[in-house]
Amino acid sequence: MITDTPDILIVGAGPAGLAAAVEAAGRGASVRVVDENTRPGGQLLKQTHKFFGSERHFAGTRGVDIGAKLIQEAREHGVDIWLETPVVGVFDGLVVMAVKQERLLGFRPRCTVFATGAGENAAAFPGWTLPGVITAGAAQTFVNVHRVPVGERAVVVGSGNVGLIVAYQLMQAGIDVVAIVEALPNIGGWGVHAAKVRRLGIPILPRHTIKEARGDSHVDQVVIQQIDERFRPVAGTEKLLEVDTVCLAVGMTPRTRLAEMAGCRLANVPALGGKVPVHSLGMETSVTGLYVAGDVSGIEEASTAIEEGKLAGLSAASALGLVERGEYEERLGSYIEALNELRSGPFGVERRRAKDDVVRSYEQTGT
């Protein structure tokens with residue numbers, strides 16, 4: 001059945017979805033946010049570290065506090081947040097179907113924003129299905145949200161920002177991190193995060209991988225091994241680590257399933273994590289009235305997701321006639337400037353180029 005439908009429906013109550021909701025509701029749109037989780041905030045709920053950068057991007061504020069601020073602003077603007085409401089399908093005419101309290105409900109909003117985030121990648125090796133092998137996001141949920149330790153001694157796989165941050169947070173929770181192993185020749189994350197874990201005495205081992213995890217009912221040992229420039233194991237370099245936890249921080253993949261159901265045109269962009277919906281500068285996809293924001297449009301940082309959410313919310317409100325053209329262009333330029341600032345560092349330049357290619361692809365086809 002089609003239930004009462006707001007002007008704008010946003011799928012996902014993470015940083016992108018909440019930012020989009022605040023922007024659109026602040027322009028006078030009626031906005032509903034639906035999310036499958038029990039609490040709004042998305043990944044920000046797990047981010048106990050302080051953000052850095054500029055004041056515009058919440059420098060010096062912990063991610064969990066940024067999430068609380070966005071939730072408060074959304075509610076002050078009258079945003080209707082429905083939790084424990086998973087979206088199960090998207091049909092012709094942008095009818096969005098969701099389940100709430102065992103009832104199947106349909107929405108036909110004037111505009112829709114998908115802020116569905118990303119899913120974590122896994123790494124396969126002998127023993128990878130043993131209890132004790134866990135993803136970084138799951139580890140953060142246990143440790144930072146529920147205050148439940150995931151083990152006593154851990155090895156982290158992956159030295160990107162997520163791996164470095166999680167290693168630090170595991171140590172804060174009293175878990176001994178014996179090493180961070182990285183298949184690439186260089187550390188993948190920012191130097192400030194690498195410096196923090198090194199000060200704690202955690203070794204970072206480039207050109208290493210896990211050969212196998214050992215244990216009967218649970219991990220109790222792992223074997224790590226060096227790899228060469230072609231990612232082949234180097235014989236005789238094996239080292240045994242006594243650990244009970246293997247934390248995988250090996251990247252994420254945009255959650256595009258709903259966008260695919262809606263008929264959005266996708267492009268495969270490795271720098272952004274894989275397939276992403278082609279979209280305009282204003283985050284509109286090839287399906288008129290459907291916008292994307294955050295990791296579903298390419299894997300980046302929470303600060304970037306917030307700015308993209310603002311863009312999507314602004315564009316949706318503009319499509320509804322709630323923003324004058326001059327103001328829209330001014331605010332559009334401001335948010336794009338903020339995104340370019342966030343993508344100005346060594347790890348952001350490649351993503352900025354990839355995003356430019358996605359927008360160019362949208363403009364070349366006109367949809």
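How many residues does helix 4 have, and how far does this helix reach from its first C-alpha to its last? In the model, which is predicted, helix 4 (residues 161-172) comprises twelve residues and spans 17 Å between its first and last C-alpha, a value close to the 16 Å expected at 1.5 Å a residue. Among the residues of helix 4, N161, G163, L164, I165, V166, A167, Q169 and L170 are buried. The cover over these buried residues includes two further helices, helix 3 and helix 5 (191-199), together with strand 10, strand 11 (176-182), strand 12 (204-206) and strand 16 (245-248). After helix 4 comes G174, a residue with a positive phi near 90°.

A contact between two other helices involves helix 1 (residues 15-26) and helix 7 (residues 302-319), whose axes come within 7 Å and cross at roughly 35°. This crossing of helix 1 and helix 7 is right-handed. On the side of helix 1, the contact is made by P15, A16, A19, A20, E23 and A24, and these residues meet A302, A305, I306, G309, K310, G313, L314 and A317 of helix 7.

Most residues other than glycine have a negative phi. Against this background, R147 has a positive phi of about 60° although it is not a glycine, and M283, likewise not a glycine, has a positive phi of about 75°. R147 is found in the loop between helix 3 (136-145) and strand 10 (153-157), whereas M283 lies in the loop between strand 19 (274-277) and strand 20 (290-292).

The cysteines were considered last. A disulfide is a covalent bond between the sulfur atoms of two cysteines. With the requirement that a pair of cysteine sulfur atoms lie within 2.5 Å, the count of disulfides comes to zero. C264 is accordingly in no disulfide, and the nearest cysteine sulfur to that of C264, belonging to C111, is 13 Å away. C264 is buried, with a relative accessible area of 8%, and C247 is also buried, with a relative accessible area of 1%.

Methods: Residues numbered from 1 in each chain as written. Predicted model: local features only at pLDDT ≥ 70, side-chain atom pairs only at ≥ 80, totals over all residues. Heavy atoms only, no water. Axes fitted to C-alpha atoms, helices over the stretch in contact; angles between N-to-C directions. Helix = DSSP H or I, 4+ residues; strand = E, 2+ residues; numbered from the N terminus. Left-handed = near helix turned anticlockwise from the far one by under 90°. Contact = heavy atoms within 4.5 Å. Expected span 1.5 Å × (residues − 1). Buried < 20%, exposed > 50% of the residue type's maximum accessible area, 1.4 Å probe, protein only.
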